[in-house]
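Please look at the sequence and the predicted model below. The paragraphs after it go through a few residues in turn.

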Amino acid sequence: MKPVTIKVDKTDNGACKSISEALGIANGYWGLPVEIKISAGLYRERLVINQPFLSMVGQNSDNTIINFDHSALQILPDGIKRGTFRTATVLVDGEGFSAKGITFQNSAGPGDTAGQCIAVYVDAKRTRFEDCRFLGFQDTLFLAPLPEHEYEKGGFRGPKEHTERIMGYHYFINCYI
């Protein structure tokens with residue numbers, strides 16, 4: 001089956017201006033293969049990808065960049081540290097996700113001042129990354145499942161803390177981490 005194609009381009013009036021906008025449109029095609037084609041640019045966004053069979057294709061990893069800067073040591077409005085598992089620039093939670101030609105980056109800063117900073121958190125089965133870069137300072141890429149026990153109390157706060165631990169299968173080809 002040919003995928004539905006959604007275009008992201010900050011300069012093209014016929015395209016989505018953000019990846020978040022494209023993901024919103026993709027939700028209308030839930031369960032069908034969807035390909036989001038992303039033009040060159042810096043996209044400062046936090047993304048949660050939970051739709052199955054979704055792919056994202058950038059122009060190339062040198063100039064198609066998804067970036068955000070949450071860090072584990074940031075204090076949230078409730079007075080609690082953000083924690084590692086709430087820092088991901090991109091959370092992949094959709095089975096069969098793939099990405100090609102994209103840089104995923106968390107630019108929060110060095111681990112000694114910012115704590116852990118995840119660029120991509122993958123908690124899905126059968127993912128594929130090709131010609132991608134993963135940039136950060138500490139704990140740049142996290143492949144689930146979470147460990148069985150926390151290192152410190154409250155250490156698993158985040159999007160998947162109360163879910164079943166599922167082992168995924170991930171394929172990285174020509175990637176830089």
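Lys100 has a relative accessible area of 37%, so this residue is partly exposed. In this predicted model, the side chain of Lys100 forms a salt bridge with that of Glu130, with 3.9 Å from N to O. The two partners come from distant parts of the chain: Lys100 belongs to strand E8 (residues 98–100) and Glu130 to strand E11 (residues 127–130), and they are 30 residues apart. Side chains of opposite charge can pair when their charged atoms come close.

Is Glu130 buried or exposed? Its relative accessible area is 17%, and because buried means under 20%, Glu130 counts as buried. Glu130 also meets Arg128 in a salt bridge, and here the N to O distance is 2.7 Å. Arg128 itself is partly exposed, at 35% relative accessible area. Through shared partners, the salt bridges join Lys100, Arg128 and Glu130 into one network.

How many salt bridges does the count come to? The count is six. One of them lies between the side chains of Asp12 and Lys7, at 2.9 Å from N to O. Both residues are partly exposed: Asp12 has a relative accessibility of 26%, and Lys7 has one of 41%.

Next comes Gln105, a residue of strand E9 (residues 103–106). Gln105 has a relative accessible area of 22%, so it is partly exposed. Which residues does Gln105 contact, leaving aside its neighbours within four places in sequence? They are Ile65, Ile66, Asn67, Phe68, Thr89, Ala119 and Leu135. Leu141 is 36 residues from Gln105 along the chain, and the C-alpha atoms of the two are separated by 9.7 Å.

Ser55 sits in strand E5, which covers residues 54–58. The relative accessibility of Ser55 is 15%, and therefore Ser55 counts as buried. With neighbours within four places in sequence left aside, Ser55 is in contact with Val34, Glu35, Ile36 and Ser98.

The last stop is Met1, in the segment before strand E1 (4–8). Met1 has a relative accessible area of 80%; because exposed means over 50%, Met1 counts as exposed. Together with Ile25, Tyr29 and Leu32, Met1 makes a nonpolar surface patch of about 410 Å².

Note on methods:
Residues are numbered from 1 along each chain as its sequence is written. This is a predicted model: local features need pLDDT of at least 70, side-chain atom pairs count only at pLDDT 80 or more; totals for chains, interfaces and linings use all residues. Side-chain values use heavy atoms; hydrogens and water are left out. Helices (H or I, at least four residues) and strands (E, at least two) are DSSP runs, numbered from the N terminus. Buried means under 20% relative accessible area, exposed over 50%, partly exposed in between (1.4 Å probe, protein chains only). Contact means heavy atoms within 4.5 Å. Patches are made of residues with over 30% relative accessible area and no salt bridge: like charges are joined within 9 Å, nonpolar side chains (Val, Leu, Ile, Met, Phe, Trp, Tyr) within 5 Å. Accessible areas come from the Shrake-Rupley method with a 1.4 Å probe; for residues, only the protein chains shown count as cover. A salt bridge is a side-chain nitrogen of Lys or Arg within 4 Å of a carboxyl oxygen of Asp or Glu.
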